[in-house]
Amino acid sequence: MTNPILVVDSNLAVRKLMEFVLTREGFLASSFSDGLSALDAAFKTPPAVFVVDLRMEGMNLVQFLEKVRNRESLKRIPMLLLVTGGAPYDEAKMRSLGIVDTIKK
């Protein structure tokens, strides 16, 4: 896999853990605390997969998803949602926005 897995999470520990695990498994990984930086990186080098948290700095998840899906080079890239156990979210809405699966922290 030549393109990175792009992780967006406001929590530094989660980002570092995701980078460590993905790199150990042989993937390239890039992580960002805020949606704007992640989008900038994705526009330059489209990732293989997005892994995004419900909360990110700079914009909300819906805004992030809309910007990704409005960009031709990004709209078909799989999107996984990081969720904290027990954190409320509307699974049907997330799927309608393009989230293909969830990962519990």
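## Starting at F32

Leaving out neighbours up to four places away in sequence, F32 is in contact (heavy atoms within 4.5 Å) with L6, V7, V8, D9, R15, S37, A38 and A41. F32 sits in strand β2; helices (H or I, at least four residues) and strands (E, at least two) are DSSP runs, numbered from the N terminus. Between the C-alpha atoms of F32 and V14, which are 18 residues apart along the chain, the distance is 11 Å.

A word on the model before going on: it is predicted, so local features need pLDDT of at least 70 and side-chain atom pairs count only at pLDDT 80 or more, while totals for chains, interfaces and linings use all residues. Residues are numbered from 1 along each chain as its sequence is written, and side-chain values use heavy atoms, with hydrogens and water left out.

## The overall fold

You're looking at four helices and five strands, and reading along the sequence gives the pattern β-α-β-α-β-α-β-α-β. The radius of gyration (taken over C-alpha atoms) is 13 Å, close to the 13 Å from the globule rule (2.2 Å times the number of residues to the power 0.38) for 105 residues, so the protein is as compact as a globular protein of that length. The C-alpha trace spans about 30 × 30 × 25 Å along its principal axes.

Of the 105 residues, 39% count as buried; buried means under 20% relative accessible area, exposed over 50%, and partly exposed in between (1.4 Å probe, protein chains only). Among contacts with a separation of 6 or more, 60% come from residues 24 or more positions apart. The protein exposes about 5,800 Å², with carbon and sulfur atoms supplying 55% of it; these areas come from the Shrake-Rupley method with a 1.4 Å probe, and for residues only the protein chains shown count as cover.

## Helix α2

Helix α2 covers residues 35-44, and its buried residues are G35, A38, L39 and A42. These four cover an arc of only 100 degrees around the axis (directions from the helix axis to the C-beta atoms), which puts them on the same side of α2. L36 and K44, on the other side of α2, are exposed. The cover over the buried residues of α2 includes β1 (5-8), β2 (29-32), β3 (49-53) and α3 (61-69).

At the start of α2, a side-chain oxygen of D34 comes to within 3.3 Å of the backbone nitrogen of L36. Past the helix, in the loop between α2 and β3, you'll find P46, which counts as partly exposed at 25% relative accessibility. Beyond four places in sequence, P46 touches N3, P4, S73, L74 and I77.

## Helix α3

The buried set in α3 is L61, F64, L65, V68 and R69. Their arc around the axis is only 125 degrees, which puts them on the same side of α3. They pack against β1, α2, β3, β4, α4 (91-96) and β5 (99-104).

The N-terminal end of α3 is capped by N60, with a side-chain oxygen 3.0 Å from the backbone nitrogen of V62.

## The nonpolar cores

In soluble globular proteins, nonpolar side chains tend to be buried together. A nonpolar core here is a set of buried Ala, Val, Leu, Ile, Met, Phe, Trp, Tyr and Cys residues joined through side-chain atoms within 4.5 Å. The largest has 22 residues, and F50, V52, F64 and M79 touch the most other members. Elements giving two or more residues to this core are β1, α2, β3, α3 and β4 (79-83), and the largest share, four residues, comes from α3. Apart from that core lies another, of eight residues, including V7, L22, V49 and L82.

What does V52 touch, leaving aside neighbours within four places in sequence? The list is V8, L61, F64, M79, L80, L81, L82 and I99.

D53 is in strand β3. With a relative accessible area of 3%, D53 is buried. Its side chain makes a polar contact with the side chain of K105 at 3.3 Å; a polar contact is a pair of N or O atoms within 3.5 Å, where within protein one must be able to donate a hydrogen and the other to accept it, and residues adjacent in sequence count only if both atoms are side-chain atoms. Not counting residues up to four places away, D53 touches V8, D9, S10, L61, L81, L82 and K105.
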